[in-house]
Amino acid sequence: MDLQRLRGFYWTAQLGSVSGAAQMMHVSQSAVSHQLRTLEGELGTKLYERTRHGIALTPDGVRLMEYARRVVQAVDDLQSDFADKGGSPRGTIRIAAFRGIATHALPAITQRYHAAYPDVRLIIASRAFDTHLLDMVARGEADLGAIASWNDLRGMHFLEFASHDMVVCTAPGHPWAGRTDPLTLEELAGDPLVLYESGTAIRNRLEQVFHQHDLSPDVTVSVGGSQALLEFVKIGLGVGIVSTLVVAPGRDPGLNVLPVSDLFGKLGYGFVLPRGRYVSVTVQAFLASAGITSERSARGTS
């Protein structure tokens, strides 16, 4: 079986379109279509159907995809391994990042990396939901995913580069402003809250903790993005619960900040990559810029 045909099938299935596979492989759409037809002829079965939403695999296509994924990834790892021999970081790193991490954590890391390896190109795709970036890493569309620890990581490696406390922020005129004694979950549940939108890691964790204590929080505003959340807090629509990645005591004079890690725990931020995949020297150097050593990022670690 020709590897290039298998690769064409793999990327068509991964990306859901012939055009996407052609772009990924740097060939024409007609070349990929020919590869797929030839592969179906070799195997004597229909591998996919065209729908208005793209490509849908048949049962035999799903079966072939399990083999194709292992073969293509193994060949890519082999090529990367030998290309790295005696080499230095080069090429491109593709990172899928949760939007808060992309805004508040990645700039400092990429600045250090770029200063050391100015010829490496960085492509950072910001996503609103962690599930989306995990999909990108699993499909091979990103070399790394930048994500919070409060997620179902689907068995991937999680390499933490920072840990942050959770805090409650209020407007300066709120009754809790200047408070020194700890807040309780009951108090938080009884006050109007401004939270991240449903489906995000922090929102899921908060709802889980409130539910475990049979509490139903009063969520006045659900919003996407930390900057918008903090602006709604400043105008007095409620109190927000965020990590110190985005706000800390004394950083913003328009906000009062109170610690609540004792209620919800600390939140880790790190990178995910699939288990068993080769980690190139280019990616290892990027992880090192985030304070993650090559020993921790080597294949087979957890």
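Helix α1 passes helix α2 in a right-handed crossing; a crossing counts as right-handed if the near helix is turned clockwise from the far one by less than a right angle, and left-handed if anticlockwise. Before going on, this is a predicted model, where local features need pLDDT of at least 70, side-chain atom pairs count only at pLDDT 80 or more, and totals for chains, interfaces and linings use all residues. Residues are numbered from 1 along each chain as its sequence is written, and side-chain values use heavy atoms, with hydrogens and water left out.

Helices here are DSSP runs of H or I with at least four residues, strands are runs of E with at least two, and both are numbered from the N terminus.

Back to the first pair. α1 covers residues 3-15 and α2 covers residues 18-25; their axes are 8 Å apart and the packing angle is about 125°. Axes are lines fitted to C-alpha atoms, for helices over the stretch in contact, and angles run from 0 to 180 degrees between N-to-C directions. The pair is therefore oblique: under 35 degrees is roughly parallel, over 145 roughly antiparallel, 65 to 115 roughly perpendicular, and the rest oblique. From α1, the contact (heavy atoms within 4.5 Å) uses Q4, R7, G8, W11, T12 and L15, and from α2 it uses V18, G20, A21, M24 and M25. By class that is 6 nonpolar, 4 polar and 1 charged residues, where Ala, Val, Leu, Ile, Met, Phe, Trp, Tyr, Cys and Pro are nonpolar, Asp, Glu, Lys and Arg are charged, and the others, Gly among them, are polar.

α1 also packs on α3, residues 29-43, with axes that come within 9 Å and cross at roughly 110°. That makes these two roughly perpendicular. Q4, R5, L6, G8, F9 and T12 of α1 meet V32, Q35, L36, T38, L39 and E42 of α3. The classes are 5 nonpolar, 5 polar and 2 charged.

Next, α6 (106-116) and α12 (281-289): the axes come within 8 Å and cross at roughly 120°, so the two are oblique. α6 passes α12 in a right-handed crossing. Among the residues in contact are Y113 of α6 and F286 of α12.

Last, the second largest pocket. Its volume is about 220 Å³. Its lining has 19 residues, with F98, G100, Y196, S226 and V246 nearest the centre. Which element gives the most to that lining? α5 does, with 5 residues. The lining divides into 10 nonpolar, 8 polar and 1 charged.

On method, a pocket is an open set of points on a 1 Å grid over the protein atoms alone, where a 1.4 Å probe fits, with protein on both sides within 12 Å along at least five of seven lines; lining residues have an atom within 4 Å of a point. Grid points are joined across faces, edges and corners, and the volume is the space filled by probe spheres set on the points.
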